[in-house]
Amino acid sequence: MLTLLAGSAVTAFGVAPLSVLPDVAPPLITQITQPVTPAALPEQLQRLDLQTLALFRSDVTRSADTADSLLARLGVNDAEAAAFIRNDPLAATVLQGRIGKSVKATVEDGRLRQLIVRGPADTTSDIDTHFTRLTIERQDGAAHAGFVVRKEVAPLDRRAQMGSGTIQSSLYAAADDAHLPDGVTNQLAEIFGTDIDFRRELRKGDAFSVLYDALLADGEPVTWGNAAGRVLAARFINKDKVHDAVWFQEAGRKGAYYDLTGRSKVRAFLSSPLAFSRVTSGFAMRFHPIQQTWRAHLGVDFGAPTGTPIRAVGDGVVSFAGQQNGYGNVVHIQHSGDRTTVYAHLSRIDVRRGQPVEQGVRIGAVGATGWATGPHLHFEFKVGGRQVDPMTIARASESLQLSPLALGQFRRMAVDVAQRLNMASEQQTAGAATGPRFE
């Protein structure tokens with residue numbers, strides 16, 4: 001009983017101070033009303049009504065564009081401007097040459113004030129370093145009414161850009177999600193083509209990161225041709241195996257890609273005689289479309305449009321160039337040792353028997369000659385007269401090595417590159433659940 005009373009006493013003591021707090025008066029709320037409308041507001045509104053509104057709109061040129069359709073897409077309703085583009089020889093070049101030129105229009109009340117068109121340089125030697133700027137501008141005034149046009153050549157700017165992605169369906173789909181230019185994707189496929197068989201070994205969840213030169217014209221991304229410069233460094237994670245590549249040029253030698261240990265990614269043999277092609281069948285059994293039988297397909301078929309360039313996969317000498325049974329137009333190249341490559345169904349042959357060829361040189365074009373149901377390249381790699389898997393040979397072939405002096409320089413540079421690739425890979429892994437990242 002004493003214990004219960006003691007507890008009650010403590011409880012009463014704990015709440016007692018709250019019951020003796022003095023009453024607090026509510027705070028006073030003061031409302032202040034003051035006019036904020038400027039005395040000269042009607043005059044200011046009248047001045048604003050007299051001002052014209054300038055709008056900017058950007059697009060790219062298309063193959064079916066006319067002066068009227070291009071201006072309409074840019075929000076321009078100006079018959080005078082369309083007539084000028086049609087009739088002025090220099091202004092008419094807007095619709096000539098390559099498609100995909102960048103177009104930016106300044107419009108006032110539907111009339112064209114200025115049109116700036118950026119496109120590739122006119123000369124092949126400047127195509128990777130410069131761009132053409134065409135400016136069409138309205139001139140007001142009685143003496144100079146109408147439009148004037150001028151053409152300039154300006155240097156492209158380069159800026160290092162990092163992109164990364166995760167494979168969900170294909171390399172190109174992941175690169176599109178990461179907003180990578182096609183030129184960068186093509187380089188990735190070429191750089192890692194010997195390490196990874198993109199026909200059979202690409203897996204969902206594989207990831208890549210790439211550092212590359214982005215090309216800019218007047219600070220805006222290039223929209224034509226190869227919209228990116230060289231890949232500077234890249235990492236591809238395929239089936240949990242990490243493949244790295246860093247661009248490096250040793251004094252007195254051609255630049256090339258090396259892994260982080262300094263071993264060249266360049267091999268004596270390329271993994272594919274076609275650059276960036278879609279492969280229709282691999283080194284396996286197949287149902288022969290003409291003989292209607294299952295047979296070993298001792299080679300690789302590369303599906304591609306007629307006329308697609310074919311390149312020699314390695315240095316050698318042409319041992320045969322002509323027609324041969326079901327192969328149609330075919331080229332045989334003898335390489336060092338007892339190694340031979342065969343390129344069949346060609347639409348044209350660009351080499352002759354006995355001609356030396358270097359790796360990567362064009363030897364012909366894709367076709368459908370001989371026993372072919374559609375345009376493609378049939379490619380074989382033979383060792384001692386026996387067909388073998390070309391990818392196996394490419395991976396096992398010898399690679400270039402850096403000199404001891406250059407190797408030290410490369411390793412010092414590779415430390416910084418590796419850190420950037422590691423950071424990009426970590427960010428890509430962290431963002432995998434929400435999709436690809438682009439920085």
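Rings of Phe, Tyr and Trp (its six-membered ring) pair if their centres lie within 6.5 Å; planes under 30 degrees apart count as stacked, over 60 as edge-to-face and the rest as tilted. Everything below comes from a predicted model, in which local features need pLDDT of at least 70, side-chain atom pairs count only at pLDDT 80 or more, and totals for chains, interfaces and linings use all residues. Residues are numbered from 1 along each chain as its sequence is written, and side-chain values use heavy atoms, with hydrogens and water left out.

**View A. Aromatic rings: a cluster and a pair.** Ring pairs tie Phe192, Phe208 and Phe236 together into a cluster. The structure holds 10 aromatic pairs. One of them joins Phe269 and Phe381 edge-to-face, at 5.0 Å centre to centre and 80 degrees between the planes. That pair links distant parts of the chain, 112 residues apart: Phe269 sits in the loop between β12 (263–267) and β13 (278–281), and Phe381 in strand β24. Helices (H or I, at least four residues) and strands (E, at least two) are DSSP runs, numbered from the N terminus. Both Phe269 and Phe381 are buried, where buried means under 20% relative accessible area, exposed over 50% and partly exposed in between (1.4 Å probe, protein chains only).

View B. What about the cover on β20 (residues 339–344): how many of its residues are buried? The count is 6 of 6. Arg339, Thr341 and Tyr343 are buried on one side, and Thr340, Val342 and Ala344 on the other. In a regular strand the side chains alternate between the two faces of the sheet. Strand β19 (residues 329–334) runs antiparallel to β20 and is joined to it by 4 bridges; two strands pair if DSSP finds at least two bridges between them. Val331 stands opposite Tyr343. The two strands form a hairpin with 4 residues between them, and Gly337 in the turn has a positive phi of about 70 degrees. β20 is also joined to β24 (residues 376–383), antiparallel again, by 6 bridges. Here Thr341 has Phe381 as its bridge partner.

View C. Five strands line up in the order β1-β2-β3-β4-β5, with antiparallel pairing. β1 (54–60) and β5 are the edge strands, each pairing on one side only. From one strand to the next, the twist averages 15 degrees. Helix α4 packs on this sheet, touching β3, β4 and β5, and its direction makes about 55 degrees with that of β5. Axes are lines fitted to C-alpha atoms, for helices over the stretch in contact, and angles run from 0 to 180 degrees between N-to-C directions. Between β3 and β4 there are 7 bridges, and Leu115 stands opposite Ile136 in β4.

**View D. The two sides of α4.** In α4 (residues 79–87), Ala81, Ala82, Phe84 and Ile85 are buried. Seen down the axis, these buried residues fall within an arc of 160 degrees (taken from the directions from the helix axis to the C-beta atoms), so they line one face of the helix. They pack against α3 (67–73), β3 (111–120), β4 (130–139) and β5 (146–155), with contact meaning heavy atoms within 4.5 Å. Exposed Ala79 and Asn87 are on the face turned away from the buried side.
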